[in-house]
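Hi,

Here is the structure I promised to pass on to you. Please open it first, and then read my notes below with the model on your screen.

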Amino acid sequence: MSAPLIQSLIDKTDSFERVRDQIAAILLLESSAQVVMAAASGKDSTLWNLRVFTERANPWDVFQDPPTGDADDPDFDPSPLVNVSFASETFDKSMGDVFERQQGVALYNIDCYGFAISQEDGDGHKPADNAAALVAQRAARLVRNILSAAKYTYLGLQTKNQGPVSGRWFQSLTAFVPSTNERSIQHVEAVRLVLEVGVVELSPQVVGQTLQAVGIAITRQANGQVLLTADVPPA
Amino acid sequence: MSLRQQAAAYARAFLEDSASGFGWPVTVTDPDGNTGELTGYWNDISHSIDPQTGLLVSGRTASVVLSLASLTAAGLGAPHAIADGAKRPWLIEVADLTGNPQTFKVREANPDNALGIIVCVLEGYRK
């Protein structure tokens, strides 16, 4: 084989990429709307805020230098972080075909990081480990409710029979066991939601070449003889 | 003076040598609000940690080593972790090299009664 057979540039995103970005976009859009609704209801709107990332290895580096004591840092945002990352995609041979369309099941890890440091509280204090766990779980609650909403059955990506999403389902929600060996000054706890999404993946097809039009007429004479008349354009 | 007493004295001297050593001024506050101005070995570094998500991320750890004798002399006693939210924790306040004040809570205390020192692992604290 000496010449490439695919004649067109592969310049599209696959469905698993679109779905990852769509998940992040939904979370950002809806959490922002929740903040507005909470403020309108007279509640502490910061409790509904999420900072959304995709495919980040170290999103909670932002928590490394929290203000302590009486110091205030207006640039420090303690809102929980949500990192959406693609984990895997498996394909069902019984669905789809070997030419163009494959039905896949994509898994996404949605990690919710909650941050807290110990806080003075009257004559006592609020411990950071407890607070960070509650923040992470609150973020996970928001994520699960947003993505499980009926309006997002297909994650806003077309309809069931048109793809690319045929449905979504939360496989699990797991709180990570806090490590007691790290002893960081900041407490960060994490909760992972695993979202399973049915997707359709398409592949490059053979580009047909323009054929010459050839007219063929087949007739049967009265004596049963079959005659063929062809009209072939000049070369 | 026995070797052990000498060792304890040397340990205290090393920790509290702020003129030519690594000693650094810290303010220690006990849960009852009593404070003491001491000198100790304060450490605050960043390193990679594993929050069990499969990825290493940046963390920051801080600690201070103090002389038990100096704490006693200041009328404070030995710091320890306070898990009860109804109580105030032991606090360590220190200014870093650039003068920025930092406030920490004692998260874990490891006394060495043989050398007369105590290692306090710290976490951030907001007043």
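Predicted model: local features only at pLDDT ≥ 70, side-chain atom pairs only at ≥ 80, totals over all residues.

The side chain of A:Glu55 meets that of A:Arg20 in a salt bridge, with N and O 3.5 Å apart. A:Glu55 sits in the loop between β1 (51-54) and β2 (81-96) of chain A, while A:Arg20 belongs to helix α1 (residues 15-40), so this pair ties together parts that are 35 residues apart in sequence. A:Arg20 is buried, because its relative accessible area of 15% falls under the 20% cut-off. A:Asp21 joins in too: A:Arg20, A:Asp21 and A:Glu55 are linked in a network of salt bridges.

Another pair within chain A is A:Arg192 and A:Asp111, whose closest N and O atoms are 2.6 Å apart in a salt bridge. This one links distant parts of the chain, with A:Arg192 in strand β7 and A:Asp111 in strand β3 (residues 101-116), 81 residues apart. Both ends are hidden: A:Arg192 is buried at 18% relative accessible area, and A:Asp111 is buried at 2%. Over all chains, the count comes to twelve salt bridges.

Now for the place where the two chains meet. How many residues does each chain bring to the contact? Chain A gives 37 and chain B gives 37. Together they bury about 3,200 Å², with carbon and sulfur atoms giving 45% of that area. On the side of chain A, A:His125, A:Arg183 and A:Ile185 lose the most area to chain B, together 21% of what that side buries.

Two salt bridges run between chain A and chain B. In one, B:Arg88 meets A:Glu120 at 3.7 Å, N to O. In the other, A:Asp72 pairs with B:Arg126, with the closest N and O atoms 2.9 Å apart. A:Asp72 lies in the loop between β1 and β2 of chain A and B:Arg126 in strand β6 (residues 117-126) of chain B, so the pair joins two chains. A:Asp72 is exposed at 65% relative accessible area, whereas B:Arg126 is buried at 16%. There are also 15 residue pairs in polar contact between the chains.

Last, have a look at the surface of chain A. A:Val214, A:Ile216, A:Ile218, A:Val226, A:Leu228 and A:Val232 form a nonpolar patch with about 600 Å² of accessible area together. Strands β8 (215-220) and β9 (226-231) each give two or more residues to this patch. One of its members, A:Ile218, is found in β8 and is exposed, with a relative accessible area of 61%.

Enjoy exploring!

Terms used. Residues numbered from 1 in each chain as written. Chains lettered and ligands numbered in written order. Heavy atoms only, no water. Patch = residues over 30% accessible without salt bridge, like charges linked within 9 Å, V, L, I, M, F, W, Y side chains within 5 Å. Areas by Shrake-Rupley, 256 points an atom, 1.4 Å probe, with all protein chains shown as cover. Salt bridge = Lys/Arg side-chain N within 4 Å of Asp/Glu carboxyl O. Helix = DSSP H or I, 4+ residues; strand = E, 2+ residues; numbered from the N terminus. Buried < 20%, exposed > 50% of the residue type's maximum accessible area, 1.4 Å probe, protein only. Contact = heavy atoms within 4.5 Å. Buried area = accessible area lost by both parts, 1.4 Å probe. Polar contact = N/O pair within 3.5 Å; in protein donor to acceptor, adjacent residues only side chain to side chain.
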